[in-house]
Amino acid sequence: MEPAFAWWPGTIKPGRTSMELANSMDIMATVADFEETTPPNRLDGKSIKSILLDESAAESPHDFMFHYCACHLMAVTYGAYKAHYATQGIMVGSCAGEGVQQHNPPLLFNSLTDPSENYPLTEEMDPMYQTVLAA
């Protein structure tokens with residue numbers, strides 16, 4: 001989950017926040033939804049129009065969000081949780097090999113209580129630990 005903002009005076013209410021999952025792939029599907037047109041076939045993104053318009057009970061169209069570095073799966077976001085299967089240092093120029101650390105079990109974080117992902121959860125710390133990793 002990366003921070004983002006949307007600005008459209010008269011359409012999107014100013015000053016509101018949302019913790020719903022969305023990503024840049026959702027932009028084309030969302031624009032098509034606002035324009036009431038059909039997006040191209042094989043579009044990976046999903047419309048987040050209801051989230052932007054702050055419609056009641058608006059939820060993310062995504063159950064999961066997959067985070068890749070090139071073709072390497074690095075992490076998966078599931079609701080408020082993010083599981084890191086591999087991490088790399090800031091100065092690493094590659095997505096695999098030296099400088100990339102694999103995690104088994106994955107490092108699990110709660111993005112609501114630890115948005116900077118500094119404190120990995122353990123089974124003892126969070127009752128959802130096993131449920132999230134099993135999903």
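This is a predicted model: local features need pLDDT of at least 70, side-chain atom pairs count only at pLDDT 80 or more; totals for chains, interfaces and linings use all residues.
Rings of Phe, Tyr and Trp pair if their centres lie within 6.5 Å, and planes under 30 degrees apart count as stacked. I need that rule for the aromatic cluster formed by Phe-64, Phe-66 and Tyr-78.

**Entry: what I'm looking at**
I started with the rings and then moved on to the strands.

**Entry: the rings**
How many aromatic pairs does the rule give? I get three aromatic pairs. I looked up Phe-64 and Phe-66 next: their ring centres are 6.3 Å apart and their planes stand at 25 degrees, so I put the pair down as stacked. Then I took Phe-64 with Tyr-78, where the centres are 4.8 Å apart and the planes are at 20 degrees, so this pair is stacked too. Phe-64 sits in strand E1 and Tyr-78 in strand E2 (residues 72-78), so I have a link between distant parts of the chain, 14 residues apart.

**Entry: buried or exposed?**
I checked the accessibility of each ring residue in the cluster. Phe-64 has a relative accessible area of 30%, which makes it partly exposed. Phe-66 comes out at 49%, and I count Phe-66 as partly exposed as well; the exposed class starts over 50%. Tyr-78, with 31%, is also partly exposed.

**Entry: the sheet**
In what order do the strands lie? I read E1-E2-E3-E4, four strands in an open sheet with antiparallel pairing. Strand E1 (64-69) and strand E4 (100-110) are the edge strands; each has a single partner strand, so one side of each lacks a neighbour in the sheet. On average, neighbouring strands here are turned by 20 degrees against each other, with direction ignored.

**Entry: strand by strand**
I went through the pairings in order. E1 and E2 are antiparallel and share six bridges. Phe-64 stands opposite Tyr-78 in E2, and I had already listed these two as a stacked pair. The strands E1 and E2 make a hairpin with two residues between them, and Ala-70 in the turn has a positive phi of about 55 degrees.

E2 is joined to E3 by four bridges, again antiparallel. Which residue in E3 is the bridge partner of Tyr-78? I find Tyr-81 there.

Last, I looked at E3 (residues 81-88) and E4, which pair in the antiparallel sense over seven bridges. Ala-86 stands opposite Gln-102 in E4.

How values were computed
Residues are numbered from 1 along each chain as its sequence is written. Side-chain values use heavy atoms; hydrogens and water are left out. Two strands pair if DSSP finds at least two bridges between them. Axes are lines fitted to C-alpha atoms, for helices over the stretch in contact, and angles run from 0 to 180 degrees between N-to-C directions. Rings of Phe, Tyr and Trp (its six-membered ring) pair if their centres lie within 6.5 Å; planes under 30 degrees apart count as stacked, over 60 as edge-to-face and the rest as tilted. Buried means under 20% relative accessible area, exposed over 50%, partly exposed in between (1.4 Å probe, protein chains only).
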